[in-house]
Amino acid sequence: MSTIRKLTRGLNKKYIINSILSPIVMIGEVLMEVIIPFIMAKIIDVGIAGKDLPFVAKYGAIMIGLAVFSLFCGVMGTRCSTVAAQGFAYTLRTRLYQKIQTFSFANIDRFSTASLVTRLTTDVNMAQNVYRMLIHMCVRSPFMLIAGTIMAFRMNSQLAILFLIAVPIIVISILIISNLAHPRFVKMMKTIDGMNSAIQENLIGIRIVKAYVRGDFEENKFRKAADDVRRAQVHAEKLIIFMMPIMQLVMYVSMIAVMWFGGRLVVGGHMLSGELISFFTYVTQVLSSIMFLGMVFVSLVMVQASNQRIVEVLDEVPDIDNPANPVMEVKDGSVEFDKVDFSYNKKADNCILKDINLKIESGQVVGIIGSTGSSKTSLVALLPRLYDVLEGSVKIGGVDVRNYDIQVLRDSVAMVLQKNVLFSGTIKDNLRWGNKEATDEQIVAACKAADADGFINSFPEGYETMLGQGGVNVSGGQKQRLCIARALLKNPKILILDDSTSAVDTATEGRIRNALKELAPETTKIIIAQRISSVKEADKIIVLDEGTVSAVGTHDELLESSKIYREVYESQQQGSGDADLAGDSSEGGEN
């Protein structure tokens, strides 16, 4: 019951009413279906047997009226159950999506993106179908079973006992098969996660797949994932398919027995022919109800795995949440790391950042240099509290980031990543992600600062140019500059550029740096870069080495004091003739 409450929580009043109306209306259909065979018996045994045409016409009209009302109840019950099930799926899917939005990166990592997609689609669809079946059949079938059994016993109790023997046989078969099938369906859903993961990787990296001519490899990988799903489905459902033949076999054997013994009663004069026909109808109704209940039970077993996976998401406690009395204003962009240790798996013996002590004044330009894997991105991810520290504290504006309201904190920190993400829509729509209230003048100013205004206006539709999913119709450098402009529109206290000018030439990068100084002089700018030229003019440069601060200072100071920095500088100087084409600012150098 707790699972049902969790799944149906937040259901709109409209859908609750339809969920209640559906079984109520279905009771009306059942009553009509139970009364109709009784009237039919009267027509046969009294009207036809006595050749009383007025009696036949009268009760025939009543029977037609009951059939029409039964049809109306059936249509209304189906409509109500469909509306309720669609509303249930909408509400559940919305709750799941909203819950996922509260997750930290660590929460998402625990589930994986592909698994979350499966839970939002396949699992919710299965829950929706079973919900509809439940409210449609969970009252109708038991009510039909009870009403049909009462009418059958009312006509002939000895004959009724005969078909009731079938009930425990069907129930025991359902319980055995369901118990064996459940773990197989759990395994099946995991294989669907794996297939979705393969599809997601292939579609996201389709350009790399084509560039390296790995289509055959990816196709074989997908075939294997799809075949795993096929085999898991067959393994799970080959048990379920036995359910229907068993129920039909028992049902038909019962019917044959009723026909045989009932026929002997009619021949012996102990039962009228109309009563036998009606009795046979009640037997069919009762056994059909048992079959439907069996199907509902099987569906519940099949959906149990999906329900568990949905509830796992709903019950997941976000690693990062708001404090009880959050600070609602970030005073300035000053940053302090105080004895910070950080681990993705929250284990002290696996820290990727160790004993970080740093102070950055508000408005400073700070560069971060380090080899691949030195945890540069992990360091700045602690500022907007995408992850929490294991030990120590990170402060912005003199306040521990854990004491801020999350939205206020993240509004004050803008991040531009090397792997930039744009969304389907116009360029202007994408830019307004930074500030949905931004005026056209503010958008143009931010784009000019990011050196993006020129190429945007080169498009026929300018700022109204439609971008494909992920911004596939702009170059890497153009994408980076759009993302910088988007971040500037937030008017943040801290701007983090995580290797976000790697796809532009040095002349363009220089113009962007100068424009940032003029447009956002009070904003603290943290620049992660591989090129020394990107951070050379910074007020302070931080050298990271294997998750620790190796050195801090200006460019000139680090040339004297840091062996790591000096080696990087000298290696880049040797290749500067090729790497730093200061005079080339064309788009062709960005791709």
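The text below takes the sheet, then the helices.

This is a predicted model, in which local features need pLDDT of at least 70 and side-chain atom pairs count only at pLDDT 80 or more, while totals for chains, interfaces and linings use all residues. Residues are numbered from 1 along each chain as its sequence is written, and side-chain values use heavy atoms, with hydrogens and water left out.

Helices (H or I, at least four residues) and strands (E, at least two) are DSSP runs, numbered from the N terminus. Two strands pair if DSSP finds at least two bridges between them.

An open sheet of mixed pairing is formed by six strands in the order β6-β9-β10-β3-β11-β12. β6 (413-416) and β12 are the edges; each has a single partner strand, so one side of each lacks a neighbour in the sheet.

| Strand pair | Sense | Bridges | Bridge partners |
|---|---|---|---|
| β6 and β9 (residues 494-498) | parallel | four bridges | Ala414 and Leu495 |
| β11 (residues 540-545) and β12 (residues 548-553) | antiparallel | five bridges | Leu544 and Val549 |

Two residues lie between the strands in the hairpin of β11 and β12, where Glu546 has a positive phi near 55°.

Helix α3 (residues 53-101) packs against helix α5 (residues 113-137) at an angle of about 150°, with the axes 9 Å apart. Axes are lines fitted to C-alpha atoms, for helices over the stretch in contact, and angles run from 0 to 180 degrees between N-to-C directions. The angle makes α3 roughly antiparallel to α5 (over 145 degrees).

Technical notes
Parallel < 35°, antiparallel > 145°, perpendicular 65-115°, else oblique.
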